[in-house]
Amino acid sequence: MLTKRIVPCLDIKDGRTVKGVNFVDLRDAGDPVELAKQYALLGADELVFLDISATQEKRKTMHDMVLKVAEQVNIPFTVGGGISSVADVDDLLHCGADKVSINSSAVKRPELINELSQKFGSQCVVVAIDAKKIGEKWFLHLAGGTIPTEIKLFEWAKEVEERGAGEILFTSMNHDGTKAGFANEALAKLSDLVNIPIIASGGAGTIQHFADTFKIGKADAALAASVFHFGEIPIIELKKELRKQNIEVRL
Amino acid sequence: MDLRIVNYGAGNIKSIQFAFQRLGYDAVLTSDSNEILKADKIIFPGVGEASSAMRKLKESGLDTLIPQLKQPVLGICLGMQLMCNHTEEGDTQGLGIFHTTVKRFSNNVKVPQMGWNTVKNLKSDLFKNISEGDYMYLVHSYYAEHCNETIAISDYEIEYASALENENFFGVQFHPEKSGKTGEQLLKNFLDL
């Protein structure tokens with residue numbers, strides 16, 4: 001059986017991890033490569049690196065980081081942040097990234113999804129969608145959730161699938177940072193609507209939240225940052241509990 | 001050991017090179033027939049779409065060279081699929097090394113299959129020190145039908161061949177270079193053949 005995936009997400013700025021990381025004895029918790037290796041050993045199924053560097057020069061630093069991660073880490077990883085062209089993706093894949101994640105650039109120019117999936121294959125194109133529930137409807141938000149749009153979540157999800165996305169990373173702005181659980185209702189609806197894998201993001205606080213997002217939210221993978229980085233939820237413990245609840249995981 | 005990766009412009013091979021590097025081996029990219037012929041071991045990778053990958057193989061004449069090789073050859077992912085008789089993807093004739101066909105998963109399951117799945121009914125030295133039910137990382141929309149040459153099966157909607165062997169030819173649907181310790185063991189086993 002295909003297992004549900006547990007995905008730690010690392011924010012990277014100028015080649016260093018941004019948010020404090022404090023879960024094991026690392027010589028340098030700011031070093032994404034050290035951290036990635038540690039996560040691979042601790043049972044993470046894949047990793048996401050989100051580049052929040054502002055300038056083009058700093059992106060070069062990101063390439064060096066990707067190269068080092070690929071060199072030393074034996075599980076798959078996705079790179080996102082500031083990717084807006086076929087050339088950007090070509091560079092990252094050549095450095096050894098397995099997948100790339102695009103967000104605002106896909107909204108601004110949806111053809112980018114087609115171009116990427118045709119050139120590199122759907123399997124490496126993750127479309128990240130940040131959305132907020134306003135009233136009864138979910139609307140896309142850009143630039144880390146700060147800019148609202150009129151675009152409806154479910155229509156956009158269907159469109160990115162049709163354009164060749166291989167996976168959707170859905171973050172609920174209503175849930176992100178709350179530690180009160182994932183947006184399971186919207187996730188389940190997404191999962192029924194499209195036929196590509198869905199990564200749930202935003203709201204992880206307890207082990208049960210992960211179990212719920214797999215069972216109720218029908219998610220294929222669950223992404224989180226701080227609960228892993230601060231050791232609040234050890235991945236092995238999480239997976240043991242999921243298995244106890246009859247959720248297939250890799251242990 | 002002279003270890004070569006067939007370079008025909010189909011997909012990203014950096015990860016495979018790094019995986020062998022972690023094991024202490026230098027896997028050199030080549031598209032040169034003579035270098036391929038005299039190598040000790042060959043890796044035949046592939047990511048992307050089948051018909052365009054096959055077209056690239058034909059352009060370089062590798063489609064006739066590869067089936068004639070006598071040393072151990074390991075096809076990975078699309079590489080394995082191209083070694084089969086035929087694939088539904090782009091209605092593409094394969095190299096005919098593995099006597100099975102490659103079909104698309106139905107829409108009863110999410111396509112692509114993406115993530116870690118178990119391998120079982122393990123039958124080859126390629127799986128030495130790997131246990132029934134160990135996990136490998138897979139990303140694929142098409143699968144090889146179970147046949148006489150199957151040396152591992154995985155289950156996603158149906159049971160299919162996640163690894164194949166015919167004489168000196170081996171193929172794996174999963175990505176050993178991304179499958180943690182288990183994947184590393186498989187690559188080690190291939191080097192030991």
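Predicted model: local features only at pLDDT ≥ 70, side-chain atom pairs only at ≥ 80, totals over all residues.
Local features need pLDDT of at least 70 and side-chain atom pairs pLDDT 80 or more, while totals for chains, interfaces and linings use all residues; side-chain values use heavy atoms, without hydrogens and water. Residues are numbered from 1 along each chain as its sequence is written, with chains lettered from A in the order in which they are written.

Reader: What share of the residues in chain B is buried?
Author: Buried means under 20% relative accessible area, exposed over 50%, and partly exposed in between (1.4 Å probe, protein chains only). Of the 193 residues in chain B, the buried ones make up 60%.

Reader: What area do chain A and chain B bury between them, and which residues of chain A lose the most?
Author: Buried area is the accessible area (1.4 Å probe) that two parts lose on being put together, summed over both. The two chains bury about 2600 Å², with 53% of it on carbon and sulfur atoms. On the side of chain A, 27% of the buried area comes from three residues together, the ones that lose the most: Leu2(A), Asn74(A) and Asn195(A).

Reader: How many salt bridges are there between chain A and chain B, and which residues form them?
Author: A salt bridge is a side-chain nitrogen of Lys or Arg within 4 Å of a carboxyl oxygen of Asp or Glu. The count between the chains is two. In one, the closest N and O atoms are 2.6 Å apart, and the pair is Lys110(B) with Asp220(A). In another, at 2.9 Å from N to O, the pair is Lys178(B) with Asp98(A).

Reader: Is Lys178(B) buried or exposed?
Author: Lys178(B) sits in the loop between strand E13 (169–172) and helix H6 (180–192) of chain B. Helices (H or I, at least four residues) and strands (E, at least two) are DSSP runs, numbered from the N terminus. Because its relative accessibility is 2%, Lys178(B) counts as buried.

Reader: Which parts of chain A does the salt bridge of Arg5(A) and Glu167(A) tie together?
Author: The two side chains meet at 2.7 Å, N to O, and both residues are buried. Arg5(A) and Glu167(A) also belong to a network of salt bridges with Glu46(A) and Lys99(A). The pair lies 162 residues apart in sequence, so the parts tied together are strand E1 (residues 5–13) and strand E9 (residues 167–172).

Reader: What separates Lys244(A) from Glu241(A) in helix H10 of chain A?
Author: Their salt bridge has its closest N and O atoms 3.8 Å apart. Lys244(A) counts as exposed at 66% relative accessibility, and Glu241(A) as partly exposed at 25%. Because the two are three residues apart in helix H10 (residues 235–244), the separation is about one helical turn.
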